[in-house]
Every structure is written in structure tokens, then in C-alpha cells.
Amino acid sequence: MRTLATMVICLLPFNFIKIFFLNLLKHNVSYKSKIGLSLIYVNQLSLCQGSRIGNFNIIFCNKILLKEGASIKKLNYIKGPFNLVISKKASVQFLNELKKSSLKENKINYPEFYLGINSFITRGNFLDLTQSIKIGDNSILAGKGTQLWTHGFYHADKGPERVRVDGSINIGNNVYVGSRCVFNPGVSVGDSIHIGAGSVISKNLDNPGMYVSQRLRYVENSLETIKSKLQFSHKHPLGNEIYTKN
């Protein structure tokens, strides 16, 4: 009932009234924050001074924490059982999709999306929150069309067998990501790195500097080889085995 009441209150016309009733529901919302006309269905809402949720967002998740001056601007679609933490002066801007399947698995903790100080996700990007995603300070997903995937599948050469491969994504400080990049599960990007548009990030990037997309190449592999390199996690309710990258 609390989450439903939160959603109804966020549709009220006056910001002061919204904040008053949200705090009565034991949320933690500063009177110097602002909530636009958005659908917000959350268990815990914490908005610090100067933070803002703009108009026409759809937000269905477990927890939102916006620190001082942080914002979720307009027309974003945020849905799934995960936590959202946006640091000081950071922003999820326009038409972005942050999503996780609502199907319950053998997990206790919620995945978390963390956006560091003065970092930005610009326009029209997709973030898969099957596992956590962390983006450090002063970093940006620029342009549009970048995808961050924290899960994928690997099929047997024959027959129906397949496994799911999960892995969190960590992006460091002062990182620039150009348009239409694709991040594979389990990769990490160090500090002070620039990634050119259209790149596929399939392994860790450690050394500062510029990285651009590589030429397509053949990699010999098999399902058993993939499984031997990973750690078994649990079995998905739909029947797939889940493996994680260390």
C-alpha cells in the first residue's frame, strides 16, 4: 500500500503538498527538491536538497536516492527490482531505459545502479540491471544508443542447453563513452579512458587513453569451455543455469 500511495501522491499538482505527504509516509524528501508529473512506484524515496525528478518519467524500482543537485530529467523508463543512487550534480537525462526482469531469483540483495559525482547519462541509452552497474565521478555516456548488458547467454553446439552468464559492470572516473557502444557482462573500465563511438567492450580496459572498435575476428569456443571459466551461481526459475564472471 505504501508504494501505491507514493505513486498517487507524486501525481498531485503542488510540489509542497507532494513532499508533505511523502514525508508522512516515512520517505526522506527535502522541501528544496522538486518532483514533476511522473509515475513513481518505489519502496523508499530519498531526495536531497536541490535534487529533481522531472516530468513524464516512469519509475518502478525498489529505492531511489538522489543526492544534492542530482536529477532524473524527462521521459526516462526505469523499471525493475533494483536500487538507484545518483550522486551530487549527476544526472540521468532524457529517454533512457534502465531495466531488470521482475522475475524473482535466488537473490537476497538488490542490484544497484550507482552514478558518481558530476556524471551524466545523456539520451536514448539502455542499461540492463540484472547485475549492478557502477559509473564513477566525472564520467559520461555521451551521444545516444549505448547499451550496458550485465547478462547474456551461451548455447550448446547442439540441442536446447544454454547457460546465462551474469557480470556487474564497473566504469571508473573521468571516462568518456561515445555513441552506440555495447558493454558485455562483467567488464571494468579504469579511470581516464575515452571510448570511441560504436565500440564493443568485451574485456577490461585498464590503461588510460583512447580505445576504438576492433576488427571482427573469429574466436574458437564451446559451451563446456565457457562453463569451465565461470563460477556456477544458481538455477533460474525458468530452468537455465546461471554462471558469473569473477
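**Entry 1**

I started with Lys26, which is found in the loop between helix H2 (15–24) and strand E1 (28–29). One thing to keep in mind is that this is a predicted model. I looked up phi for Lys26 and got a value near 75°, which is positive even though the residue is not glycine. Is Lys26 buried or exposed? Its relative accessibility is 71%, and the cut-off for exposed is over 50%, so Lys26 counts as exposed.

Then I went looking for another case and found Asn138, with phi near 55°, again a positive value in a residue other than glycine. Asn138 sits in the loop between strand E14 (133–135) and strand E15 (140–144). With a relative accessible area of 37%, Asn138 is partly exposed.

**Entry 1: the cores**

How many residues does the largest nonpolar core have? I got 45, and Phe113 and Phe183 are the ones with the most contacts inside it. Several elements give two or more residues to this core, including H2, strand E3 (39–47), strand E5 (58–66) and strand E8 (83–86). Strand E11 (112–115) and strand E19 (169–171) are also among them. Apart from that core lies another one, of 7 residues, among them Ala156, Val163, Ile226 and Tyr243.

I zoomed in on Phe183. Leaving aside neighbours within four places in sequence, its contacts include Leu148, Trp149, Ile169, Ile171 and Ile195. Thr146 and Gln147 are in contact with Phe183 too.

What does its side chain reach? A polar contact of 2.7 Å joins the side chains of Asn83 and Asn62. Beyond its neighbours within four places in sequence, Asn83 is also in contact with Lys63, Tyr110, Pro111, Glu112 and Phe113.

**Entry 2: parallel pairs**

A reminder before the strands: strands of a sheet pair through backbone hydrogen bonds, either parallel or antiparallel. I traced the partners of E5. E3 and E5 pair in the parallel sense over 8 bridges, and Ser46 stands opposite Leu65 in E5. E5 also runs parallel to E8, with 4 bridges, and there the bridge partner of Leu65 is Val85. E5 is joined to strand E7 (residues 77–79) by 3 bridges, parallel as well; Ile59 stands opposite Ile78 in E7.

I then followed an open sheet of 9 strands, in the order E2-E4-E6-E9-E12-E15-E20-E23-E25, with parallel pairing. Which strands stand at the edges? They are strand E2 (34–35) and strand E25 (209–211), each with a single partner strand, so one side of each has no neighbour in the sheet. Inside this order, 2 bridges join strand E4 (residues 52–53) to strand E6 (residues 71–74), and Arg52 stands opposite Ser71 in E6.

**Entry 3: the mixed sheet**

My last stop was an open sheet of 4 strands, in the order E17-E18-E27-E26, with mixed pairing. The twist averages 35° from one strand to the next.

I went through the pairs in turn. E17 and strand E18 (residues 162–166) are antiparallel over 5 bridges, with Gly152 opposite Val165 in E18. E18 and strand E27 (residues 241–244) are parallel over 4 bridges, and Val163 stands opposite Glu241 in E27. E26 and E27 run antiparallel, joined by 4 bridges, and Lys235 stands opposite Glu241 in E27. E26 and E27 also form a hairpin with 5 residues between them, and Gly239 in the turn has a positive phi of about 115°.

Methods:
Residues numbered from 1 in each chain as written. Predicted model: local features only at pLDDT ≥ 70, side-chain atom pairs only at ≥ 80, totals over all residues. Heavy atoms only, no water. Buried < 20%, exposed > 50% of the residue type's maximum accessible area, 1.4 Å probe, protein only. Core = buried A, V, L, I, M, F, W, Y, C linked by side-chain atoms within 4.5 Å. Contact = heavy atoms within 4.5 Å. Polar contact = N/O pair within 3.5 Å; in protein donor to acceptor, adjacent residues only side chain to side chain. Pairing = 2+ DSSP bridges. Axes fitted to C-alpha atoms, helices over the stretch in contact; angles between N-to-C directions.
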